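Please open the structure in your viewer and keep the selection tool at hand.

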Amino acid sequence: MKTLVSPSLLSANFLDLRQEIDMINDSQADWLHMDIMDGSYVPNISFGFPVLNAVGAYCKKPLDVHYMIEHPERYIQHTADAGAMLMTVHQETCPHLHRTLQQIHAAGMKAGVALNPSTPLCMIEDVLTDLDLVLIMSVNPGFGGQKFIEHTIDKVQRLRKMLDAAHSHALIEVDGGVQAETAPRLVKAGVNVLVSGSYVFKSTDPKGTIAALKELKG
Ligand code: DX5
Ligand code: ZN
């Protein structure tokens with residue numbers, strides 16, 4: 001399977017969002033990753049529904065929406081209405097995770113669960129076949145441009161084994177510090193989807209950077 005690339009809008013130039021989305025539309029990016037933060041679950045606030053709706057209406061790539069907020073279940077319908085293809089919630093924010101995943105599916109979206117660097121894989125053991133994607137955080141959520149946490153490689157390898165053993169079709173996505181040095185190692189470890197913010201958007205050739213990430217093979 002080809003590596004999927006989901007550039008993270010968090011590192012885009014917000015004064016020139018149309019131009020940034022034009023670049024994404026014209027690139028080989030598979031999805032567009034959108035980080036929604038509430039300043040409570042994570043110590044930062046990014047953007048909310050006005051931006052999600054506007055980008056959803058203009059972007060030709062499927063939206064991969066990553067919620068770093070408390071009570072993400074309140075916003076399932078909003079997210080579906082904005083045209084999102086995938087809604088990912090943090091395991092740590094969902095006491096009734098199975099129900100939330102069912103509600104995301106009922107709203108017509110794919111369902112993902114994100115795990116913080118300190119959250120063990122066993123927390124999703126009982127929902128592996130209810131998931132379309134597992135998002136492994138390779139930095140602590142909240143900010144772009146942070147340093148990659150090395151134990152992610154081992155975590156991805158263990159998750160790959162868990163998913164195969166459970167016959168789960170869920171994709172493995174990694175988010176945080178994905179760049180030239182970490183991306184090939186992640187793909188070799190079993191990652192299907194690379195999220196990349198600063199490495200793509202701060203690059204002198206963002207489309208070329210996306211194309212190079214897509215070439216990586218496991
Ligand atoms: C961080 C976000 C990421 C962020 C990644 O909490 O979830 O999506 O944009 O940024 P980079 O690729 O710069 O580490
Ligand atoms: Zn993210």
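The tour begins with the ligand and then turns to the pocket.

The model is predicted, so local features need pLDDT of at least 70 and side-chain atom pairs count only at pLDDT 80 or more, while totals for chains, interfaces and linings use all residues. Residues are numbered from 1 along each chain as its sequence is written, chains are lettered from A and ligands numbered from 1 in the order in which they are written, and side-chain values use heavy atoms, with hydrogens and water left out.

**Stop one: the ligand.** Select ligand 1 and the 19 residues that surround it, a residue being near if one of its heavy atoms lies within 4 Å. The closest are S8, G142, D175, G197 and S198. By class, this shell holds 6 nonpolar, 11 polar and 2 charged residues; Ala, Val, Leu, Ile, Met, Phe, Trp, Tyr, Cys and Pro count as nonpolar, Asp, Glu, Lys and Arg as charged, and the others, Gly among them, as polar.

**Stop two: the contacts.** Select S8, where a polar side-chain atom lies 2.7 Å from an oxygen atom of ligand 1. At G142, a polar backbone atom is 2.7 Å from a ligand oxygen. At S198, a polar side-chain atom lies 2.5 Å from an oxygen atom of ligand 1.

**Stop three: the pocket.** Which space does ligand 1 take? Ligand 1 takes the space of the largest pocket. A pocket is found on a 1 Å grid over the protein atoms alone, as an open set of points where a 1.4 Å probe fits, with protein on both sides within 12 Å along at least five of seven lines; lining residues have an atom within 4 Å of a point. Select its 25 lining residues, of which F143, G144, G145, D175 and G176 lie nearest the centre.

Conventions. A polar contact is a pair of N or O atoms within 3.5 Å; within protein, one must be able to donate a hydrogen and the other to accept it, and residues adjacent in sequence count only if both atoms are side-chain atoms. A molecule sits in a cavity or pocket if more than half of its atoms lie within 2 Å of its grid points.
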